[in-house]
Amino acid sequence: MTPSSANGSRGSDLAYQEMILQGVSRTFALTIPQLPAPLREVVGNAYLLCRITDTIEDEPALSAPQKQAFSERFVEVVAGRREAEPFARELGSLLSSSTTESERDLVANTARVIRLTRGFRPAQRSALERCVRIMSEGMSEFQQGATADGLDDLPHLDRYCYHVAGVVGEMLTELFCDYSAEIGRRRQDLLALSVSFGQGLQMTNILKDMWDDRRRGACWLPRDIFLEAGSEIRSLPAGRDDPAFIDGLLELVAIAHWHLEKALRYIMIIPARETGIRRHCLWALGMAVLTLRRIHATPAFKDGQEVKISRRSVRAVTLVTSTLVRSNLALKLLFKALTRGLPRANAGERLQPPLSPPDPKAQGTRA
């Protein structure tokens, strides 16, 4: 597919957005259509903006300065201060075969995505622009320092998760509140949980993909957790079956479990009649819980495919949660049943990451 011309219709741009979502993310292509139509368009658009940001940071052919320059330029494009087509041509010409065909197609059609962005209401555009800006700034920082040695400590992991996922939780909350005055009345309660929602999902993905990440020279695990257990991340290839490493891994499973509990609390605040929003959130939560169960059951796994949930499990999640979507009590019982046996974090509220963007120069503390 070639880049669209400037006179492309909104209808064709929406059709492209729906089509390319299928190519760049099967999970979000499944959950986004559950949203009510006014949210479906803007959340789908937001995901594609984030995916373009991801593509810049994941492209191995780009140097760190190039990644930072393209990220900053993309922020300007989203904000309407730069044109999309020159950005897309220049970035597209530098992408290697490591970037998937669908991602290259998305970059080539950045102008179509941005035309939709610019058609949203001011409050919606503001939420999307803030998310892309914070995500781009954080990704540039962390990608430049990415090594196989891991992150410094748990607060460092919190900051990473905030920039790549927690800010998305905040953005979705703003979009939900803009959509519904009833939801908007619980805005502060939702925002207080939204970062944990994003962090729980992101930590689950980090644990699932840790060996794949390591093979490409990156590691997002916190060194302090493993040092406390008596293991060093840099020795992981030889020591992944070591009981000390598994102890550290299970501590991170416990922390992810803690964040996912907060994600359930977030969902239960959404009015029961908003079944589309609830399904969108519940399906993502359910898949994360099942993945975390597999990681816990097989802590010595060597590849993400070993703990990836099956399509049958995905279908079960969508069916059961859709059936129980209106009942908070039923959802609590289901969550309790699915997480039975998972370790629980001892640190309690100390693990809550910051709500607003943290100072990238500050390390923070765990207390």
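Is Asp303 buried, partly exposed or exposed? Asp303 is partly exposed, because its relative accessible area is 25%, where buried means under 20%, exposed over 50% and partly exposed in between, with a 1.4 Å probe and protein chains only.

Before going further, note that this is a predicted model, in which local features need pLDDT of at least 70 and side-chain atom pairs count only at pLDDT 80 or more, while totals for chains, interfaces and linings use all residues. Residues are numbered from 1 along each chain as its sequence is written, and side-chain values use heavy atoms, with hydrogens and water left out.

**Stop one: Asp303 and Arg215.** Asp303 lies in the loop between α16 (275–297) and α17 (311–324) and Arg215 in helix α12 (residues 210–215), so the pair ties together parts that are 88 residues apart in sequence. Helices are DSSP runs (H or I, at least four residues), numbered from the N terminus. Arg215 counts as exposed, at 53% relative accessibility.

**Stop two: helices α9 and α11.** Select residues 154–179, which form helix α9, together with residues 187–208, which form helix α11; the two pack at an angle of about 135 degrees, with their axes 7 Å apart. The axes are lines fitted to C-alpha atoms, for helices over the stretch in contact, and angles run from 0 to 180 degrees between N-to-C directions. α9 and α11 are therefore oblique to each other, a class left over once angles under 35 degrees count as roughly parallel, over 145 as roughly antiparallel and 65 to 115 as roughly perpendicular.

Now show Arg187 and Glu174, which form a salt bridge with the closest N and O atoms 2.6 Å apart. Arg187 lies in helix α11 and Glu174 in helix α9, so this pair ties together parts that are 13 residues apart in sequence. Arg187 is partly exposed at 30% relative accessibility, and Glu174 is likewise partly exposed, with a relative accessible area of 27%.

**Stop three: Arg344 and Glu261.** Select these two side chains, which meet in a salt bridge (2.8 Å, N to O). Arg344 is in the segment after α18 (328–338) and Glu261 in helix α15 (residues 243–269), 83 residues apart.

Definitions and conventions:
A salt bridge is a side-chain nitrogen of Lys or Arg within 4 Å of a carboxyl oxygen of Asp or Glu.
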